[in-house]
Amino acid sequence: MAGGGRPAGPAPGVRRPGRAVRRPGGHAVIRFEQVSVTYDGAARPALHGVELTVPEGELALLVGPSGVGKSTLLGAVSGLVPHFSGGTLRGRVTVAGRDTRTHKPRELADVVGTVGQDPLAHFVTDTVEDELAYGMESLGLPPDTMRRRVEETLDLLGLAELRDRPIATLSGGQRQRVAIGSVLTTHPRVLVLDEPTSALDPAAAEEVLAVLQRLVHDLGTTVLMAEHRLERVVQYADQVILLPAPGAPPVVGEPAEIMPVSPVQPPVVALGGLAGWTAPVPLSVRDARRKAGALRERLAPLTPPAPRTPHEDGAPAGQVERLSVRHGRVEALRGVSLSVRPGETVALMGRNGAGKSTLLTALVGMHEPAAGTIGIGPDNSAPHRTRPAELLRHVGLVPQDPRDLLYADTVAAECAAADEDAGAAPGTCRALVTDLLPEVADDTHPRDLSEGQRLALTLSVILTARPPLLLLDEPTRGLDYAAKARLTGVLRELAADGHAIVLATHDVELAAELAHRVVILADGEVVADGPTAEVVMSSPAFAPQVAKILAPLPWLTVPQVREALEGAR
Ligand SMILES: Nc1ncnc2c1ncn2[C@@H]1O[C@H](COP(=O)(O)OP(=O)(O)OP(=O)(O)O)[C@@H](O)[C@H]1O
Ligand SMILES: Nc1ncnc2c1ncn2[C@@H]1O[C@H](COP(=O)(O)OP(=O)(O)OP(=O)(O)O)[C@@H](O)[C@H]1O
């Protein structure tokens with residue numbers, strides 16, 4: 001299929017230059033020749049028999065289930081694997097002609113810019129502005145060039161207001177933007193990005209992707225990017241590299257060829273499968289809308305299956321009233337009132353820095369209110385004045401950085417401790433992990449887990465205690481669609497059992513699947529609070545793909561459509 005048929009991404013003002021025919025594979029900048037990577041002590045290789053090239057000036061998207069080896073493949077390009085990760089690399093990886101096994105990451109820094117999954121691990125300076133300049137300083141660029149590029153990047157990524165901020169005080173999404181900015185300033189020929197939008201709000205994700213697309217088109221930069229949220233990125237890709245299963249060789253091709261056969265698919269492709277849309281498979285909302293006429297007609301007389309409504313009675317599991325919280329000079333929450341009832345699932349959404357994590361951490365007693373009140377459990381006790389052991393019986397938080405919760409040396413030990421702390425039957429936590437991601441091995445050190453595996457472990461540790469109020473901060477980072485569906489199942493059961501759940505998330509698909517109610521925070525204030533369908537359909541930024549494709553019909557998710565079509569047969 002010709003590459004020119006794909007539409008421009010949704011970012012306003014950025015047009016994809018028309019390409020009548022796909023360029024016959026430009027000069028390869030990244031080349032893998034029979035590459036295998038085996039980590040020390042692992043039973044089988046994390047990557048096996050990888051043979052691929054990425055041509056100059058293309059955006060290649062690396063996809064596949066959690067734990068399949070995506071980060072390992074990216075690490076082999078930037079040289080972090082095996083230089084820092086340990087393990088053995090067989091075969092040959094070259095970037096711009098340099099062998100990454102014989103060149104240390106430092107010796108590749110002038111051609112490759114890398115953003116890892118965990119920005120905090122890579123920051124070397126203390127403030128935003130210093131971090132943006134650091135890479136250029138190491139390359140010895142002239143001061144006026146550095147100055148100009150820092151200013152450009154601050155503007156490009158919406159960081160100008162934060163320029164003097166200590167990095168330690170930034171929100172998760174703000175940190176991710178700084179991490180991306182810090183590699184853009186060096187103008188590398190190759191950009192390697194591991195889930196670059198995982199902590200970004202939907203609008204910020206579009207902005208960052210538009211910036212990357214501009215680099216690819218205007219400067220001929222080559223981008224290799226791993227991402228789980230395909231609904232955000234697939235339409236920008238020239239090439240998809242699919243790792244279908246651990247140890248299986250990659251399948252490489254155009255997005256429209258690979259997506260229909262991929263085990264991970266964005267909702268638009270899954271919907272196309274249900275509706276029987278013929279090739280070329282639509283990958284964007286816009287193309288899908290053009291094909292959706294017949295599906296819309298079939299669905300028009302049907303009503304979407306309604307989510308089970310929570311118990312209306314009973315005391316709230318948690319509530320805040322006119323709550324204000326300050327971090328130094330920053331007023332992170334301003335007069336927020338919110339209450340969550342047993343059986344209710346609330347999605348907390350809003351732009352990076354809006355105050356979502358602050359609200360969750362306030363509910364577990366990590367901040368004292370500057371004004372207003374916080375109450376938890378049947379006695380409405382103030383969490384910052386409650387003993388931790390007592391608080392644990394009422395509320396549990398899965399933090400944004402799962403590492404904050406893990407301290408044992410193996411998955412098995414972590415799970416045994418969780419069972420004991422919660423007074424649960426031995427094996428409870430481990431069964432939950434297996435439920436979410438079957439491949440996680442007992443004897444692995446939590447540090448060596450993939451991002452998705454680590455999150456599955458953290459979720460399980462907290463879920464073992466079955467707290468009446470369950471708080472989750474961005475619970476789908478690094479999770480593939482299948483793991484997300486299993487997590488949705490686990491959380492639905494908990495809600496049906498009367499647990500109250502609040503999830504802070506940028507994942508509009510997750511919110512649409514799971515939440516009874518959506519609360520939107522903006523700049524520390526609640527700006528919307530209502531039933532999920534109402535709130536997300538009235539805001540393009542928070543609408544899931546299915547809603548955009550089928551609007552004005554009130555359908556939000558692929559499972560909803562599937563259920564209705566099956567019922568109508
Ligand atoms: N340093 C390490 N030592 C030992 N095993 C590791 C190490 N890093 C990763 N692994 C293992 O290698 C496999 C592949 O991990 P990798 O992080 O590459 O997966 P991934 O596809 O990026 O996953 P995710 O989508 O969850 O980020 C996993 O089973 C993981 O546990
Ligand atoms: N220790 C701190 N000192 C100063 N400001 C802080 C501190 N911690 C957080 N902030 C600021 O408070 C605001 C709210 O941060 P919070 O982490 O609650 O946002 P968020 O909505 O969870 O963002 P994200 O979606 O990026 O995770 C942000 O502007 C952040 O920079």
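**Close-up views of the model**

**Arginine 322 is part of strand β11 (residues 318-327).** Strands here are DSSP runs of E with at least two residues, helices are runs of H or I with at least four, and both are numbered from the N terminus. The whole model is predicted: local features need pLDDT of at least 70, side-chain atom pairs count only at pLDDT 80 or more, and totals for chains, interfaces and linings use all residues. Residues are numbered from 1 along each chain as its sequence is written, while chains are lettered from A and ligands numbered from 1 in the order in which they are written. Arginine 322 has a positive phi near 40 degrees, though it is not a glycine. Most residues other than glycine have a negative phi. Arginine 322 counts as partly exposed because it has 13 C-beta neighbours inside 10 Å. The cut-offs use C-beta atoms placed from the backbone: 20 or more others within 10 Å make a residue buried, 12 or fewer make it exposed, and partly exposed lies in between.

**Glutamate 474 also has a positive phi, near 50 degrees.** Look for glutamate 474 in the loop between β16 (469-473) and α19 (481-496). Is glutamate 474 buried or exposed? Glutamate 474 is buried, because 25 other C-beta atoms lie within 10 Å.

**Glycine 343 lies in a loop between two strands, β12 (330-340) and β13 (345-349).** Glycine 343 has 22 other C-beta atoms within 10 Å, so it counts as buried. Histidine 499 is 156 residues away from glycine 343 in sequence. In space, their C-alpha atoms are 5.0 Å apart.

**Helix α8 covers residues 202-219.** How far does α8 reach from its first C-alpha to its last? The helix has 18 residues and reaches 25 Å, close to the expected 26 Å. That expected span is 1.5 Å times one less than the number of residues. The buried residues of α8 are Pro202, Ala204, Ala205, Val208, Leu209, Leu212, Gln213 and Val216. An α-helix has 3.6 residues a turn, so residues three or four places apart point the same way. Among the elements that cover the buried residues of α8 are β3 (59-63), α7 (172-184) and β8 (222-226). Contact means that two C-beta atoms, placed from the backbone, lie within 7 Å. Just after α8 comes glycine 220, with a positive phi of about 70 degrees.

**Helix α11 runs over residues 267-275.** The buried residues of α11 are Pro267, Val268, Val269, Ala270, Leu271 and Gly272. They pack against α9, α12 (285-291), α20, α22 (545-550) and α23 (558-568). Glycine 276 follows α11 and has a positive phi near 75 degrees.

**A cis peptide bond runs from alanine 279 to proline 280.** Its omega is near -5 degrees. Proline 280 is in the loop between α11 and α12. A cis bond also joins alanine 551 and proline 552, with omega about 10 degrees. Proline 552 is in the loop between α22 and α23. Most peptide bonds are trans.

**Ligand 1 lies between domain 1 (26-262) and domain 4 (403-466), because both give residues to its shell.** Domain bounds come from an automatic or database assignment. Of the 21 residues around ligand 1, the nearest are Tyr39, Lys70, Ser71, Ser450 and Gly452. A residue is near the ligand if its C-beta atom, placed from the backbone, lies within 6 Å of it. Helices α1 (70-78) and α18 (451-464) are the elements that give two or more residues to this shell. By class, the shell has five nonpolar, 13 polar and three charged residues. Nonpolar means Ala, Val, Leu, Ile, Met, Phe, Trp, Tyr, Cys and Pro; charged means Asp, Glu, Lys and Arg; the others, Gly among them, are polar. The C-alpha centres of domain 1 and domain 4 are 29 Å apart. Their contact takes five residues from domain 1 and six residues from domain 4.

**Ligand 2 lies between domain 1 (26-262) and domain 3 (314-394 + 467-531), because both give residues to its shell.** Which residues are closest to ligand 2? They are Thr169, Ser171, Gly173, Ser357 and Thr358, out of 20 that surround it. At least two residues of the shell come from each of α7, β12 and α14 (356-363). The shell of ligand 2 divides into five nonpolar, 13 polar and two charged residues.
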